[in-house]
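Look at the structure first, then read on.

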Amino acid sequence: MTQALIDHKHLYSLQGPWTTIYVDGSTGTVDSLRSDDVLPRNVADSMEAAGAPKNDIAAAASTLASTAKGMPDPLARFILIHGGEAVVDEFLPGEMVMMPVTAVASVPDLSPLVRHCPEDFAYVIAEVGHGGGEVYLRYADGDSSRPTGGEPESHIDGDMEHSRKVQGGGWSHRRFQQHAEKVWKMNAGDVAAEIDRVARENRAQLVIVAGDIRARQLVADQVSEETRRKLSIIDSNTRAAGADEKTFALQVQELVALVMADRQRMLLETLAEHEGQATRTTAVGTGPVITALQQGQVDTLLLETPSLDGQTVLALDAAPWVALSEADTAGAGVIGKVPALAGMLRAVALTDAKVSLYPSGALDSRSIAALLRWPTGPDVPAAE
């Protein structure tokens, strides 16, 4: 599932009502600064019209009083209010990806957050030198314009005392140089092991190594085969004084975009390849996908983001978590009628499935489909 669903999955266990707010969070212009004065009042009016509890309205006003002043524009803002408290308040880099939202529902609606940050794409950046290095964990929905900002996931301090090569000639000098090379390799091995761990535990899909030219190669030679298949080396000594961080950030962004595009293309190719096969390892259309979600059968949900606009589903208090009508709730209680995307993302999270969002037209005439964990039996009902 996406990182947004992973981070907030626990909220689905809490009873509603919930208020979702998705608004422009930018503060870099005179117009937007003025909007800070009216935004809390406008949101409060919308919440009141939607039937939000008074303590939630007060919580939203208090939260919106704190702005993104000092943060780079453009920004969107996602707030989730529950029980008189803003349990989620996130400034999201980039332009808004959909119209503003102020809505009250019986379950948390994470769809604006997932649409703004659609990928669960984790990647690792390692900046290495002869004495060790730093290993950073990043997500594609994070601020990759500063890929080395903040604290690293790990900092590896190797042996520096014996890592310097000695200039000169003679047998003793060669011995010292050989020893230094051995120490470099040992330090690089420690960094490689940590890269493997961080990449494995976080299911990273890209590993980027930068830093000293010799250290980069020593690390690349010692990572695992699994890591090597995801490895890209950037020719930049980012640990040196005066290193060009802006160029490095652009190189990182290009690599991330390329790998993400390849991943989405591969999912579409897999869907096309499996469609029509006798093994029935795909579901296409709202009805078949809902049925597959009910059975915990969905591995990856492929969805054009506007395709469910205006549709609703029933959110259930137990498995199968989502239904199109009360006739197929399998005995679970109905929590309420919710927007279809919100209800389906909830079912994705509660069944540990994944989701990949696409722009209009990317899925041709399908608009919503799923790759399944195991084949279906008889035809899945085609009700929409």
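Arg 265 is partly exposed, with a relative accessible area of 39%. This is a predicted model. The partner of Arg 265 is Asp 262, and the two form a salt bridge. Their closest N and O atoms are 3.6 Å apart. Asp 262 is partly exposed too, at a relative accessible area of 30%. Both residues lie in helix α8, which covers residues 245–274. They sit three residues apart, about one turn of the helix.

Why can such pairs form? Side chains of opposite charge can pair when their charged atoms come close.

Helix α5 (residues 171–201) holds Glu 194 and Arg 197, three residues apart. That spacing is about one helical turn. Glu 194 is buried, with a relative accessible area of 16%. Arg 197 is partly exposed, at 26%. Arg 197 also pairs with Glu 201, four residues away in helix α5.

| Salt bridge | N to O distance |
|---|---|
| Glu 194 – Arg 197 | 2.5 Å |
| Arg 197 – Glu 201 | 2.8 Å |
| Asp 262 – Arg 265 | 3.6 Å |

Now the whole chain. The count comes to eleven salt bridges. The chain has ten helices and 16 strands. Buried residues make up 47% of its 384 residues. Take the contacts between residues at least 6 apart in sequence: 69% of them join residues at least 24 apart. The accessible surface is about 18400 Å², and 51% of that belongs to carbon and sulfur atoms.

Conventions. Residues numbered from 1 in each chain as written. Predicted model: local features only at pLDDT ≥ 70, side-chain atom pairs only at ≥ 80, totals over all residues. Heavy atoms only, no water. Helix = DSSP H or I, 4+ residues; strand = E, 2+ residues; numbered from the N terminus. Buried < 20%, exposed > 50% of the residue type's maximum accessible area, 1.4 Å probe, protein only. Contact = heavy atoms within 4.5 Å. Areas by Shrake-Rupley, 256 points an atom, 1.4 Å probe, with all protein chains shown as cover. Salt bridge = Lys/Arg side-chain N within 4 Å of Asp/Glu carboxyl O.
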